[in-house]
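Hello,

Here is the structure I promised to pass on. Please take a look, then read my notes below.

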Amino acid sequence: MSIALRDMDNMEMIHLERLAYILKGLSPAELETLEILLDEDALETLAHSLNEVRAGERIAIDEW
């Protein structure tokens, strides 16, 4: 393996280790937020709901 490829491998491992460190440090609420942001369907639902609120098309909580 060339030195450049080996260095690239090491760099990617550093990033994965850093990501793991960051993820371990997240609170339960932050992890849940991250899960929602990574879930395209959930994110689309939130965007749709936000558009409804901005348009004044919201439902009062007591009418659920």
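First, a term for what follows: buried means under 20% relative accessible area, exposed means over 50%, and partly exposed lies in between, with a 1.4 Å probe and protein chains only. This is a predicted model, so local features need pLDDT of at least 70 and side-chain atom pairs count only at pLDDT 80 or more, while totals for chains, interfaces and linings use all residues. Residues are numbered from 1 along each chain as its sequence is written, and side-chain values use heavy atoms, with hydrogens and water left out.

Now the overall build. The chain has three helices and zero strands. Read from the N terminus, the order is α-α-α. Helices (H or I, at least four residues) and strands (E, at least two) are DSSP runs, numbered from the N terminus.

Next, the surface. Of the 64 residues, 0% count as buried. The chain exposes about 6200 Å², and carbon and sulfur atoms supply 61% of that. Areas come from the Shrake-Rupley method with a 1.4 Å probe; for residues, only the protein chains shown count as cover.

Two patches turned up. Patch residues have over 30% relative accessible area and no salt bridge; like charges are joined within 9 Å, and nonpolar side chains (Val, Leu, Ile, Met, Phe, Trp, Tyr) within 5 Å. A salt bridge is a side-chain nitrogen of Lys or Arg within 4 Å of a carboxyl oxygen of Asp or Glu.

The nonpolar patch consists of Leu16, Leu19, Leu23 and Leu31, with about 320 Å² of accessible area together. Helix H1 (residues 3-24) gives the most to it, with three residues. Leu31 sits in helix H2. Its relative accessible area is 33%, so Leu31 is partly exposed.

The other patch is negative. Glu32, Glu35, Asp39, Glu40, Asp41 and Glu44 gather there on the surface. Helix H2 (28-38) and helix H3 (40-54) are the elements that give two or more residues to it. H3 gives the most, with three. Lys and Arg count as positive, Asp and Glu as negative; His and the chain ends are not counted. Each charge is placed at NZ of Lys, CZ of Arg, CG of Asp or CD of Glu.

Is Glu35 buried or exposed? Glu35 belongs to helix H2. Glu35 is exposed, because its relative accessible area is 56%.

Leu46 has 47% relative accessibility, so it counts as partly exposed. Leu46 and Ile36 are 10 residues apart along the chain, and their C-alpha atoms are separated by 9.2 Å.

Best wishes
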